[in-house]
Amino acid sequence: MRQRGFTVLELLVAIVFLVAAGTIFFVQKRDLEVAARDSARKTAINAMYYNLEDVFYPGSNGYPEHLTADQLKGLDPSILKDPNGKTIGDYGSNYRYDTKDCGNGICKSYTLTATLEHEGNYVKDSRNK
């Protein structure tokens, strides 16, 4: 009489298949999360850039020496925080705001930089130099 059930080999093949599928799933999930964080960083840098260029510069004929939510009125303050929760200018932040030719709190130019995980740095320079 024949017994019903799975052989050890069949069980091993099924386990190997499930482990491989699970590994592929988690690698893809991680890559999608990294891409989403990089996209959020680029969006934040663009928002800061356009706020500086289209809102701040016309009113002051220059750029602020340091970026704060008070200076960028048209910007949601949470944009100044990277996906890790660190504000621009804080140690370890993914965002950098480097100014040039400053005097009395107003600068002539700047560079905004975001450190990305899967690409090189995302950089925006001021229009007016």
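This is a predicted model: local features need pLDDT of at least 70, side-chain atom pairs count only at pLDDT 80 or more; totals for chains, interfaces and linings use all residues.
Strand β2, residues 95–103, runs antiparallel to β3, and eight bridges join the two; strands are said to pair if DSSP finds at least two bridges between them. β2 and β3 form a hairpin with two residues between them, and in the turn Asn104 has a positive phi of about 60°.

Residues are numbered from 1 along each chain as its sequence is written, and side-chain values use heavy atoms, with hydrogens and water left out.

Now to the aromatic rings. Rings of Phe, Tyr and Trp (its six-membered ring) pair if their centres lie within 6.5 Å, and planes under 30 degrees apart count as stacked, over 60 as edge-to-face and the rest as tilted. By this rule there are five aromatic pairs. One of them joins Tyr49 and Tyr50, edge-to-face, at 5.0 Å centre to centre with 80° between the planes. Tyr49 counts as buried because its relative accessibility is 9%, whereas Tyr50, at 39%, counts as partly exposed; buried means under 20% relative accessible area, exposed over 50%, and partly exposed in between (1.4 Å probe, protein chains only).

Tyr63 and Tyr110 also make a pair, and because their ring centres are 4.7 Å apart and their planes at 75°, this pair is edge-to-face. Tyr63 lies in strand β1 (residues 63–64) and Tyr110 in β3 (residues 106–114), so the pair ties together parts that are 47 residues apart in sequence. Tyr63 is buried at 0% relative accessibility, and Tyr110 is buried with a relative accessible area of 0%. Which residues form one aromatic cluster? They are Tyr57, Tyr63, Tyr97 and Tyr110.

Returning to Tyr49, the charged end of Lys124 sits over its ring, 4.6 Å from the centre; this requires NZ of Lys or CZ of Arg within 6 Å of the ring centre and within 35 degrees of the ring normal.

Finally, Val19 lies in helix α1, residues 8–60, and counts as exposed because its relative accessibility is 51%.

Key
Helices (H or I, at least four residues) and strands (E, at least two) are DSSP runs, numbered from the N terminus.
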